[in-house]
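Open the model in your viewer and keep the sequence beside it. This tour says what to select at each stop and what is found there.

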Amino acid sequence: MNDCPLTSRPAPADGLRTHSAALRSHARRLRAGAAALEWRGREADAYRAEVTALADRCARAAAGLALAAAQLEGPHVRRR
């Protein structure tokens, strides 16, 4: 018999949802940072565009992870 306690690990879908939430949070912070930038000019506009594109990529990845979590659970599992 093994005396070592089993460590509880989150279900894969829960882990995906956690990563999804973190990516959504990063996207919000990136957008807020770009909006708060006081720097003006062509270079500032290019910087904002790059940051916005990165935020969009984070948001798309978050949506993909959320979809994967839902698919892992299947239609018969209720979300918490």
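Predicted model: local features only at pLDDT ≥ 70, side-chain atom pairs only at ≥ 80, totals over all residues.

Start by selecting A27, which is buried, with a relative accessible area of 2%. Buried means under 20% relative accessible area, exposed means over 50%, and partly exposed is in between (1.4 Å probe, protein chains only). A27 is found in helix α1.

Residues are numbered from 1 along each chain as its sequence is written, and side-chain values use heavy atoms, with hydrogens and water left out.

**The two helices**

Select residues 12-36 for helix α1 and residues 42-73 for helix α2. Helices here are DSSP runs (H or I, at least four residues), numbered from the N terminus. Two packed helices are described by the angle between their axes and the distance between the axes. The axes of α1 and α2 come within 8 Å and cross at roughly 160 degrees. That makes α1 roughly antiparallel to α2. The axes are lines fitted to C-alpha atoms over the stretch in contact, and angles run from 0 to 180 degrees between N-to-C directions. Angles under 35 degrees count as roughly parallel, over 145 as roughly antiparallel, 65 to 115 as roughly perpendicular and the rest as oblique.

The crossing of α1 and α2 is left-handed, a term used if the near helix is turned anticlockwise from the far one by less than a right angle. What kinds of residues make up the contact of α1 with α2? They divide into 20 nonpolar, two polar and six charged. Ala, Val, Leu, Ile, Met, Phe, Trp, Tyr, Cys and Pro count as nonpolar, Asp, Glu, Lys and Arg as charged, and the others, Gly among them, as polar.

Next, select A32, also a residue of helix α1. A32 is partly exposed, with a relative accessible area of 45%. From the C-alpha atom of A32 to that of A55, 23 residues away along the chain, the separation is 9.9 Å.

**The salt bridges**

How many salt bridges does the structure hold? There are four, each a side-chain nitrogen of Lys or Arg within 4 Å of a carboxyl oxygen of Asp or Glu.

Show the side chains of R17 and E73, which meet in a salt bridge (3.0 Å, N to O). This pair links distant parts of the chain, with R17 in helix α1 and E73 in helix α2, 56 residues apart. R17 is partly exposed, with a relative accessible area of 26%, whereas E73 is buried, at 14%.

Move to D56 and R31, whose salt bridge has its closest N and O atoms 2.5 Å apart. D56 lies in helix α2 and R31 in helix α1, so the pair ties together parts that are 25 residues apart in sequence. D56 counts as partly exposed at 30% relative accessibility, and R31 is partly exposed with a relative accessible area of 35%.

Keep R31 and select R48: their C-alpha atoms are separated by 8.6 Å, and the two are 17 residues apart along the chain. R48 is buried, with a relative accessible area of 17%. R48 forms a salt bridge with D45, the closest N and O atoms being 3.4 Å apart. Both D45 and R48 lie in helix α2, three residues apart, about one turn of the helix.

**The aromatic pair**

For the last stop, select W39 and Y47. A search of the whole structure finds one aromatic pair. The rings of W39 and Y47 have their centres 6.0 Å apart and their planes at 50 degrees, so the pair is tilted. Rings of Phe, Tyr and Trp (its six-membered ring) pair if their centres lie within 6.5 Å; planes under 30 degrees apart count as stacked, over 60 as edge-to-face and the rest as tilted. W39 is partly exposed, with a relative accessible area of 42%, and Y47 counts as partly exposed at 44% relative accessibility.
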